[in-house]
Amino acid sequence: MFLQSGGFRPPAPNGKVKIYECEGVPLAEHCMQPSTMEALKTWQARQDDVFVVTYPKAGTTWTQEIVSAVIRKGDLEQVNKTHTYLRNPFLEATIFSSTKDIDVPPTHEIIDKMKSPRTIKSHLPGHLLPPDVMEKKSRIVYVARNPKDLAVSYYYFSMGNPTLPQYDTWNDFFDDFCAGKTVYGPWWNHYLYYWKLRHEPNVLFLKFENMKKDLKGTVERIGHFLEYTFSDDVLDRIVSHCTFENMKANPMTNPDTLRFMKTNVESIDNNNIIPKDSHPFMRKGKVGDWKSHFTVSQNEAMDALIREKLAGSGLVFEC
Ligand code: PPS
C-alpha cells in the first residue's frame, strides 16, 4: 500500500544515483524521471489544491502536517489515520517498486485520482513547477530555512540514503551545496523565485526560524491563508500535534515509519528500522545546529555567499 505513497523510494536500480540536468537543475534520475518532468509541464492542478513547496530540508514535513491538520479542521483522529507520505504525495517523485513485478504509476497520476482538497509536496524550483499551479492559483505554502542549517540537515539526510548521491565527508557536501550542485540545484535560485511571488494572493512565504519561534502564530497564519479560523482549543491541539517531539513520536507523522520500511514489516518501531549509517529523519529540528558543524572558514564562505546571492532581495535569515 505504501508503495503508492509518493514518498517511499527504494534504491536506484543499480545501486548508484544517476544525476541528470533538467533545465539547469540537477535531479536524481531514478526518482524524478525525465518522463515525469516532461509530463509535469502540462499537468493539471486544481484551484483548491494546496502545495507545500520547499528546497529539501527546509521544513516540508512540518508544514505539510500543519496544512493537513488545518484542512481537516483540527480533526487529529482523521489526520492520524493515514501516514503523512500518503496524505501529502510527493509530486515529482516517481516510485520504483522494490519487487520488480509491481508496476507503480508515477505519483502525479496517483494524485490525479485523489479527491479534493489535495495537499501536495514538491521540492521543484519555480521554473519546473507545473505552470498550471500558478494559472489555477492553487495555494502554495513555501518554506525557506537559513542555508546553514539547511546544509547540515541535507548532509545528514543524504548520508546512507540510497536515493541521493553519497559524500565522503561533510566538507565535500558543503562544497557541492555552495556550488549549487546538490540535488534540486542552487538554494538561492529556489528561494528567490518564490520570494518574488510572496505578494501573490495564492502564495504564503514562511521561514523555518519563525515557525520555530512561534508555532501557534504559524498555524494561525496558515489557517488564515487557507481560510480557516479556529477556537483556541483547536489551535492548541494542532500546535501540540505539530511540535518536533510529538511528530517524532507519532508513527503517522514520522517519515521514518515508511522511509525505511520494507514490505511486511510488522512492528513499526522507528528505532529498529533505520539502516546503519542513516540518521533519523526527525533529527534535531533546531535553529543553529550549523554551529557545531561549520568551520570558521566555512562560515565565512557561507556568509559571503548569502550576501552575494540575496543582495538587494530583502530576503534575510537570522542564523
Ligand atoms: S524533506 O526530506 O526535504 O522533506 O525534509 P524536510 O521535512 O523539509 O526537513 C526536515 C527537517 O525539518 C525538521 N523538522 C522539524 N523541525 C521542527 N519541528 C518540527 N515539527 C519538525 N518536523 C521536521 C527535521 O528534524 C529536519 O531538520 P534537522 O535539522 O535535520 O533535524
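Figure 1. Lys 57 has a relative accessible area of 10% and is buried (buried means under 20% relative accessible area, exposed over 50%, partly exposed in between; 1.4 Å probe, protein chains only). The residue sits in the loop between β3 and α2 (60-71); helices (H or I, at least four residues) and strands (E, at least two) are DSSP runs, numbered from the N terminus. The model is predicted: local features need pLDDT of at least 70, side-chain atom pairs count only at pLDDT 80 or more, and totals for chains, interfaces and linings use all residues. Residues are numbered from 1 along each chain as its sequence is written, and side-chain values use heavy atoms, with hydrogens and water left out.

**Figure 2. Lys 137, a partly exposed lysine with positive phi.** In the loop between α6 (131-135) and β5 (139-144) lies Lys 137, whose phi is near 60° although the residue is not glycine. Lys 137 is partly exposed, at 46% relative accessibility.

**Figure 3. The cis peptide bond from Ser 116 to Pro 117.** Omega of this bond is near -5°. Pro 117 belongs to the loop between α5 (107-112) and β4 (119-122). Most peptide bonds are trans, and most residues other than glycine have a negative phi.

**Figure 4. The salt bridge between Glu 29 and Lys 18.** The closest N and O atoms of Glu 29 and Lys 18 are 3.8 Å apart; a salt bridge is a side-chain nitrogen of Lys or Arg within 4 Å of a carboxyl oxygen of Asp or Glu. Glu 29 is in the loop between β2 (25-28) and α1 (34-40) and Lys 18 is in the segment before β1 (19-22), so the pair ties together parts eleven residues apart in sequence. Glu 29 is partly exposed at 27%, whereas Lys 18 is exposed at 51%. By this rule the model has 14 salt bridges.

**Figure 5. The salt bridge between Glu 23 and Lys 41.** In this pair the closest N and O atoms are 3.8 Å apart. Glu 23 lies in the loop between β1 and β2 and Lys 41 in the loop between α1 and β3 (50-54), so the bridge ties together parts 18 residues apart in sequence. Glu 23 is partly exposed at 47% relative accessibility, and Lys 41 is partly exposed at 43%.

**Figure 6. The salt bridge between Lys 213 and Glu 318.** The closest N and O atoms are 3.1 Å apart. Lys 213 is in helix α10 (residues 208-213) and Glu 318 in the segment after α16 (296-310), 105 residues apart. Both residues, Lys 213 and Glu 318, are exposed.
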